[in-house]
Amino acid sequence: MSEEFAPAAADFPDPFRLLVRETAGSTNDELRALAEGGAPDGLVVLALEQSAGRGRRGAAWFSPPGESLAFSILIRPDEPKALWPRLALATGLAVAEAVESFGPAAGIKWPNDVWIGRRKVAGILVEAGRDYVIIGIGLNVSSTRFPPEVAEIATSLRLETGLEHSRHEVLAAIIRSFARHSREIGKDFDHLLDSVRQRCVLTGQRVSLTTSNGPRQGVIEGIAPGGELLLRTDTGLERLIQADEVRILC
Ligand code: BTN
């Protein structure tokens with residue numbers, strides 16, 4: 001256990017446990033291998049240095065050592081597999097609440113990017129196995145510079161608050177909030193959704209996006225009771241289970 005993260009581990013609620021790796025390619029891949037070997041529900045793998053972090057749609061995820069958090073959580077849900085996609089919303093909410101506990105208001109760009117204002121502070125990559133889910137979280141804590149390809153859209157807690165925040169406190173805040181919300185994907189989902197809706201940055205916005213049936217443009221009406229995104233187009237209302245390249249049009 002790295003000294004830096006020992007206080008976070010001590011603050012984790014059951015069943016969460018922390019494993020710190022000096023380096024990892026991707027913490028999602030590292031944790032998947034452990035999950036296949038029988039690792040328990042609640043195991044968290046954090047990399048001090050992540051050399052091949054992955055984002056959604058195969059994009060690279062940049063996490064400079066010392067400035068950001070890169071970690072993954074193993075969940076072995078009791079709920080039926082059909083409800084597992086809800087973990088993406090639960091995680092977005094957990095990260096948003098953790099960010100808010102350090103000051104700034106956080107928004108959720110459905111399903112689970114976390115924004116401060118119009119910039120992304122955290123990204124989440126959810127990957128399911130046969131009987132488990134791996135939830136990878138990358139959060140910019142103290143970065144002040146970003147690679148050119150994300151410089152226009154990225155931010156960090158440090159940039160937004162003008163303060164340094166200890167990474168172990170941010171990690172512990174996320175896990176505490178995740179412990180609550182990951183239990184709400186079954187019977188308390190309405191409650192979880194209300195909190196997500198309050199933070200949904202897409203509601204009321206005209207957007208362009210890509211669905212499994214092709215590109216669409218329209219206005220986001222909100223989030224349906226099952227967690228789907230509601231898109232009003234010229235031809236009617238669509239419930240989207242999945243959408244990529246969601247862009248807000250001015
Ligand atoms: C995205 O916004 O595209 C998702 C980014 C997810 C990045 C995190 S960092 C920890 C974990 N390991 C990975 O390889 N990816 C996730």
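1. Helix 5 is mostly covered, with 12 of its 15 residues buried. The buried set comprises Arg167, His168, Val170, Leu171, Ala172, Ala173, Ile174, Ile175, Ser177, Phe178, Ala179 and His181. The coordinates belong to a predicted model, and the points below should be read with that in mind. From its first C-alpha to its last, helix 5 reaches 21 Å over 15 residues, which is close to the 21 Å expected at 1.5 Å a residue.

2. Helix 5 (residues 167-181) packs with helix 3 (residues 86-100) at an angle of about 140 degrees, the two axes being 8 Å apart. That angle makes helix 3 oblique to helix 5, because only angles over 145 degrees count as roughly antiparallel. The crossing of these two helices is right-handed. On the side of helix 3 the contact is made by Ala90, Thr91, Leu93, Ala94, Val95, Glu97 and Ala98, and on the side of helix 5 by Ala173, Ile174, Ser177, Phe178, Arg180 and His181. Sorted by class, the contact of helix 3 with helix 5 has eight nonpolar, three polar and two charged residues.

3. Helix 3 also meets helix 6 (residues 189-199), where the axes come within 10 Å and cross at roughly 55 degrees. Helix 3 and helix 6 are therefore oblique to each other, and helix 3 passes helix 6 in a left-handed crossing. Helix 3 contributes Arg86, Leu89, Ala90, Leu93, Ala96, Glu97 and Glu100 to this contact, while helix 6 contributes Phe189, Leu192, Leu193, Ser195, Val196 and Arg199. The residues of the contact of helix 3 with helix 6 divide into eight nonpolar, one polar and four charged. Ala90, Leu93 and Glu97 of helix 3 take part in the contact with helix 5 and are also listed in the contact with helix 6.

4. Another joins Trp110 and Pro111, with omega at about 0 degrees; Pro111 is found in the loop between strand 4 (107-109) and strand 5 (113-116).

5. Positive phi values in residues other than glycine are the next topic. Arg57 has a phi of about 55 degrees although it is not a glycine, and its place is the loop between strand 2 (43-50) and strand 3 (68-75). At 54% relative accessibility, Arg57 counts as exposed, because the cut-off for that class is over 50%. Glu245, likewise not a glycine, has a positive phi near 50 degrees, but Glu245 is found in a strand, namely strand 12 (residues 244-248).

6. Trp115 lies in strand 5, and at 11% relative accessibility Trp115 counts as buried. Leaving aside neighbours within four places in sequence, Trp115 is in contact with Ala105, Ala106, Gly107, Lys109, Lys120, Val121, Val201 and Ile248. The C-alpha atoms of Trp115 and Gly92, which are 23 residues apart along the chain, are separated by 9.9 Å.

Note on methods. Residues numbered from 1 in each chain as written. Predicted model: local features only at pLDDT ≥ 70, side-chain atom pairs only at ≥ 80, totals over all residues. Heavy atoms only, no water. Axes fitted to C-alpha atoms, helices over the stretch in contact; angles between N-to-C directions. Helix = DSSP H or I, 4+ residues; strand = E, 2+ residues; numbered from the N terminus. Parallel < 35°, antiparallel > 145°, perpendicular 65-115°, else oblique. Left-handed = near helix turned anticlockwise from the far one by under 90°. Contact = heavy atoms within 4.5 Å. Nonpolar A, V, L, I, M, F, W, Y, C, P; charged D, E, K, R; others polar. Expected span 1.5 Å × (residues − 1). Buried < 20%, exposed > 50% of the residue type's maximum accessible area, 1.4 Å probe, protein only.
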